[in-house]
Amino acid sequence: MPAKLVVEDLTHHYPDEYTGESVHALEKINLEVQEGELITVVGPSGCGKSTLLNILAGLLPYREGLASVDGVKIDGPGSDRGVVFQEHAILPWRSVAKNIGHGLELRGMAKDEREARVKDFIELVGLTGFEDKYPHELSGGMKQRCAVARTLCADPVVMLMDEPFAAVDAQTRITLQEELNRIAIATKKTIIFITHAVDEAAFLGDRCFVFSARPGRLKAIVDINIPREKRIWADLSADDEFITKRDEILKLVREEVSVAVEE
Amino acid sequence: MSAIASVSIAVQRRFGRQNLRKFFLGSIPFVVMISLWHMNAVFDWLPPVFIPPIGEVWDAFFILQEDCKGFGAALALDQSCLMSTHILSSLGRVVLAAVIGLPFGIAFGVLAGMSRPISKILEPIGIFANSISGIAWIPLAIVWFGVGWMTTLFIMLNTIFWLMFFNSMMGVRGVARVYEQSVLTMGGSRLDVIRDVYLPGAMPSIITGMRMSMGFGWRALIAAEMIGGDSGLGFMIFSSAEEFKIEEVFLGVIIISIIFMATDKYLLAPLEKWTIHRWGLVWKPT
């Protein structure tokens, strides 16, 4: 079966915002993501993982190499690739329900059909009862649930998540991770999840892509063979496979952090 | 429970304690001012030619409207209905200038906020236009348009448009990029971004711009009517002063203030409440 998302020889430079110097962010990235896979991407800060996500989202033009979804070259943003941003990118001037239905509204779906779909996703992320609230009335965790539902409801082929749980407190983060796992089971979405937390990468990923320090290269791919149904923190924290893989990822990342520090 | 206490409780329930408090505190300076005004007449501090008695000012309203032949004549701005004609011509100009000036100011401001080239073209001319206060255009406007409607409208539009332009532009520039990206990555078009992100996102600035431009515009209008108008409240206070009808000057000033306060309270403040307060875009102490 052909891969859902393919990146070939992707190299990227960008001018630094302040100095104007060219920053070498990505170096010959090659990767494939299969349909229904949840891929986590980890690496030291500044390793270009967010750059990669922005390129995949179509928000950042690239010149060297190729990135494609279903064989179609990525050239600008599109509804086939949904993004969950690090900051809660839900519109403050739209209620929860209107935020979640926004993608369908942009597509011109009729109101009745849209509302039925929105209702399902509100239930999926556990926001029932908060449909008519505005984002400023929600907690951090609820905002991020709403953001996930907003992206999911537009039914993208691939969902790109850029450190989405980095800004919430530790307890909420654990809940959100388990919820995302449940959503991955329910929707079978292809998901690329960027994070700097090794625990999170091992908990969520079918495979984990470890990036090197700048310029970002794909340093290693770690397979995590744990069935989705078994991924619950209470069980997993003592699971051999989880511990082994988490430590392996941690070791790979720490090598890179020390490289970055020495530089 | 005494009757007074139960009335008091009913009033507090009806209007809310905070609102009543605000109303009473806010009216203190007015009460002081009106008391002093009345005491002036009682104790003869300053002669009525400088400060007329309250009653005379009150009567002036009805004297000016005396010859009016009914409601229809008032609405037709008939010269017999002096008072209502002055009020309605000022209001008419404000409404006309707002209907033209606000949408154009917002439209160009949003465009300039979105596009660097457009803002580079319009910003310098905007600063040039703002450097000369609205009323400084009056002499030139009189030369171009003569005394009357066009001159006052021109002065107002000049004030409203540029204020609205700058506020909308700044508002759009302040909208977080991530909202725009969020709409684009869901397949939204540029137009969708303008409608769903830039306009609502810039709303705090747009509403501030509306309040500012209507405030400055109203003041500019009064000034323009004094020199370049042939009717309106500004014209009224200026021509009355020339004829030493001091009570009409007072009346005009009071009506101008009441109209301005009412517009802000019943039109612009509710708009703010319905948009940016509901969306949580204003800082509120928790």
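Two residues are taken to be in contact if their C-beta atoms, placed from the backbone, lie within 7 Å. The model is predicted: local features need pLDDT of at least 70, side-chain atom pairs count only at pLDDT 80 or more, and totals for chains, interfaces and linings use all residues. Residues are numbered from 1 along each chain as its sequence is written, with chains lettered from A and ligands numbered from 1 in the order in which they are written.

Beyond residues up to four places away in sequence, Val157(A) touches Lys4(A), Val69(A), Asp70(A), Asp80(A), Arg81(A) and Thr190(A). Val157(A) lies in the loop between helix H5 (140-153) and strand S7 (158-162) of chain A; helices (H or I, at least four residues) and strands (E, at least two) are DSSP runs, numbered from the N terminus. Cys146(A) is 11 residues from Val157(A) in sequence and 19 Å from Val157(A) in space, C-alpha to C-alpha.

Chain B is assigned domain 1 (3-45) and domain 2 (58-277), the bounds coming from an automatic or database domain assignment. The centres of these domains of chain B, taken over C-alpha atoms, are separated by 31 Å.

Between the chains, 16 residues of chain B are in contact with 22 residues of chain A. On the chain B side, helix H9 (177-184) and helix H10 (190-201) are the elements that give two or more residues. H9(B) gives the most, with 5 residues. The residues of this side divide into 7 nonpolar, 6 polar and 3 charged, where Ala, Val, Leu, Ile, Met, Phe, Trp, Tyr, Cys and Pro count as nonpolar, Asp, Glu, Lys and Arg as charged, and the others, Gly among them, as polar.
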